[in-house]
Amino acid sequence: MQRATVLERRIDAVAHRLLRTAPAHGIRSFGVELLVFVVKQAWACVFGTALLVAIVAARLWYPEDAVLARNDALTITAVLIQIAMLVFRLESGRELWVIVLFHLTGTVMELFKTDVGSWAYAADGVLRLGGVPLFSGFMYAAVGSYMVRVYRLFDLGFTRYPRRWLTTVLAAAIYVNFFTHHWWWDLRWVLLAAVVVLWLPTIMHARVWQRTIRLPLLAVFAGVALFIYLAENIGTWAGAWVYPDQAVVWQPVSLSKLSSWFLLMIISVVMVTWVYPPRAPVSGVGNDEGTDAAASVPSDRSQAPVTGAAPAPAPPEPPRRRRRRRAGAGLPS
C-alpha cells in the first residue's frame, strides 16, 4: 500500500499476518479477495459514511426544539469528523489540501446553485454562507477523501492514461458548464463525449490482495457516480437538502442527476491526479486471469515434475566477483 498513514501501516501489517495462510486459488481464495475488496472500499468511504450517518441520525433523533439548529449541529459534527481523520492518522496532511480544495470548489457551486433555485437547504442556523450551511462543503470533501484514499489503498495503476493537461482542460470546462448552462447552451453531452474519447482506452489496475483486477476506467467512473447518486437519495430523504420536485413530498432523485455526478467524478479524479500522478502498473505483474503474480504467496511445498522424471541438475553458477556495495544498495524499497 503506497503512501499509507501510520495507522494504516499497522492495520496492513495485522491483515498480512491474518491472510498469510490464505489459499492462492479456488473458491476460498475468491472469498478472501472479495472480503478484502469490500473492507478496503469501506475504509476508503469512512469520511463519507460517518457524515451520512450523522445526517440520517439528525433526521431521526435530533429534537426540533433544540437550542442549536440542526444544520449547525451537522456542521460541527463534520468539523469533528475531519479533525478525527487527522488525529487518528486516517489522512495525511498532503491529502488534506486536496480535500480542502474539494470543499472550496463545492461550496462555490453550492452558493450559485442555491441562488438559482437548483436545490435548497433549511433556513436555520448561523453557520452558513447565504443559503448554504457550511456542512454542505464537507459532502464534497467526502468525495475527495474517498478518491485520495482509494488511490493508495488499491495501489492504483493505469495503462493508456490521457495526458494530464488535456484532462485538466476538460475538467475545467465541466466545472464552468455547471454554471453557464443556466443561461447558455448546456454542453453536457458534448463534455460526456469528450470524456469517453479521452478515457475509453484507459484500464485501471487495482491491487486487492493476491490479485490485481483490471477494469475499464470509464466503468469505474460510472460505478462511483451510481454510488454517490444512491447516497444523494439518502441525504435528500433525511432532509439535508431538497430539490424543487421534493419540496412537497420526498421522491427519488431524478436519474438525470447521474450524468451530473459522472461529470463531477471527472473533476474529482483530475484534482486527485495533481497530488497522486497516474502511474503505470508494475511491469511484469499479472497474468491472463488478472492475478498479481508478484503478490502470490509462495508455497512451502515443492511441485513434482509432471512426467515423474528426476529433474536435471542445475548448472553450477559462475563465480561472482566481489564488488563494493554502494551506499543504500540492498535496502527494501
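Predicted model: local features only at pLDDT ≥ 70, side-chain atom pairs only at ≥ 80, totals over all residues.

Q: Is H205 buried or exposed?
A: H205 has a relative accessible area of 10%. Buried means under 20%, so H205 is buried.

Q: And which residues is H205 in contact with, leaving aside its neighbours within four places in sequence?
A: H205 is in contact with F154, D155, L156, G157, F158, T159, T212, I213, R214 and P281.

Q: Changing topic: how many salt bridges are there?
A: The count comes to two. In one of them, R211 pairs with E33, with the closest N and O atoms 3.8 Å apart. That pair links distant parts of the chain, 178 residues apart: R211 lies in the loop between β4 and β5, and E33 in helix α2. Both R211 and E33 are buried.

Q: What about D186 and R188?
A: Their side chains meet in a salt bridge at 3.4 Å, N to O. D186 counts as partly exposed, at 26% relative accessibility, whereas R188 is buried at 14%.

Q: Now the helices. How do α3 and α9 pack?
A: Helix α3 (residues 46-61) and helix α9 (residues 217-237) pack at an angle of about 25°, with their axes 9 Å apart. The two are therefore roughly parallel. Their crossing is left-handed.

Q: Which residues meet there?
A: From α3, L52, I55, V56, R59 and L60 meet A231, I234, G235 and W237 of α9. The residues of this contact divide into seven nonpolar, one polar and one charged.

Conventions
Residues numbered from 1 in each chain as written. Heavy atoms only, no water. Axes fitted to C-alpha atoms, helices over the stretch in contact; angles between N-to-C directions. Helix = DSSP H or I, 4+ residues; strand = E, 2+ residues; numbered from the N terminus. Parallel < 35°, antiparallel > 145°, perpendicular 65-115°, else oblique. Left-handed = near helix turned anticlockwise from the far one by under 90°. Contact = heavy atoms within 4.5 Å. Nonpolar A, V, L, I, M, F, W, Y, C, P; charged D, E, K, R; others polar. Buried < 20%, exposed > 50% of the residue type's maximum accessible area, 1.4 Å probe, protein only. Salt bridge = Lys/Arg side-chain N within 4 Å of Asp/Glu carboxyl O.
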